[in-house]
Amino acid sequence: MQLGPRVIFSVGNVYVTETVCFAFIISLLILLFCWRSVRNLQTVPHGCQAVAEWLVDLIYNWTEGAMGKENLKFAPYIGTLACFLGLGSMLGLLDLRPITADLNTTVPLALVTFILIHGNGNRVHGAGGYAKKLGSPYAFMFPLNCISDAVFPVTLACRLFGNIFAGMVVMSLTYNGLANLSAKLGSSIPFFQIFIPLPLNFFFDMFEPILQTFVFCMLTMVFTANAMSGDEG
Amino acid sequence: MALVTAKAFISAMSAIGAGIAMVAMIGVGIGIGYNSGKTVEATARQPEAGGSLLKTMLVGVALTETAGIFALIISIILLFANPFL
């Protein structure tokens, strides 16, 4: 059983894996959807425009609920993140490798979140004010807060990766096991694979990606808003 | 008398280690159950807050799950990408 993503082609020392190809395909699909939905805008929306308006409305309401009205400028980033992660993690439905089942996808996104949190904290409070905020409520909490802030992107990346990767492993083990079971019964057609894995598919390829996307975006928003908030701590 | 080779011994011990690593799931199960139970209690007390309670609960569940996910990654590494072999 091969665990890492397959290498499609390599240029010298640079390997282009499945993950990169699928990420580009998903970005292109999202771009295509955006282009189709704004191509010919109407007052009464239908088709792509209606879906896009519903999505934008949802993301803006969500951001406003989590970060407050004054931080609505983060909504486009959160929306991009949600679309990319949601679609990318659900690739298991098409029997493809989910792009988030690869640490090379999740670690950069977690680093972006890390920079977002501390960059905005520094911008709002200034360097001294932000250091003081990290050292609140007591000065000796400063190293503890620094450690927890440094661990945050690691857990963020590992949570997404671990969940989707474990789902992928469980699904492939299930399908292999069912194929072996039907081969033991003397059938060349793996008929056990027909309806039995459906609940697992639903859980690992639909529910889990949506939940993890929600959690990733929610944690990004909550921690960024917390770093920018005025109150100490 | 067939001797156990070093490779077979390491594989077997890695499999046992992978099983032991998953004991961490006990704590995760207790944590998630406690979390969900308290959310049910709160929703029963104040049903109109159900939506926001659900969101908070999902974030809490995901945070609790992290410990279990670390154990899972360790046991998957031991089983499929063993560093000792």
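Helices (H or I, at least four residues) and strands (E, at least two) are DSSP runs, numbered from the N terminus. This is a predicted model, where local features need pLDDT of at least 70, side-chain atom pairs count only at pLDDT 80 or more, and totals for chains, interfaces and linings use all residues. Residues are numbered from 1 along each chain as its sequence is written, chains are lettered from A and ligands numbered from 1 in the order in which they are written, and side-chain values use heavy atoms, with hydrogens and water left out.

**View 1. The fold of chain A.** Let us start with chain A, which has 6 helices and 2 strands. Along the sequence they come in the order β-β-α-α-α-α-α-α. Taken along the principal axes, the C-alpha atoms of chain A fill a box of roughly 70 × 55 × 40 Å.

**View 2. A salt bridge between E18(A) and R6(A).** Here the side chains of E18(A) and R6(A) meet at 3.0 Å, N to O. The term salt bridge stands for a side-chain nitrogen of Lys or Arg within 4 Å of a carboxyl oxygen of Asp or Glu. E18(A) belongs to helix α1 (residues 18-39) of chain A, while R6(A) sits in the segment before β1 (7-11), so the pair links distant parts of the chain, 12 residues apart. Over all chains, the whole structure has 3 salt bridges.

**View 3. Where chain B meets chain A.** In this view, 13 residues of chain B are in contact (heavy atoms within 4.5 Å) with 19 residues of chain A. The two chains bury about 1400 Å² between them, 85% of it on carbon and sulfur atoms; buried area is the accessible area (1.4 Å probe) that two parts lose on being put together, summed over both. The side of chain B that touches chain A divides into 10 nonpolar, 1 polar and 2 charged residues. Across this interface the rule finds 0 salt bridges.

**View 4. A nonpolar patch on chain B.** V4(B), F9(B), M13(B), I16(B), I20(B), V23(B), I26(B) and I30(B) form this surface patch, with about 830 Å² of accessible area together. Patch members have over 30% relative accessible area and no salt bridge, and nonpolar side chains are joined within 5 Å. The elements giving two or more residues are α1 (6-21) and α2 (25-45) of chain B. The largest share, 4 residues, comes from α1(B), and V23(B) lies in the loop between α1 and α2.

Terms used. Nonpolar A, V, L, I, M, F, W, Y, C, P; charged D, E, K, R; others polar. Patch = residues over 30% accessible without salt bridge, like charges linked within 9 Å, V, L, I, M, F, W, Y side chains within 5 Å. Areas by Shrake-Rupley, 256 points an atom, 1.4 Å probe, with all protein chains shown as cover.
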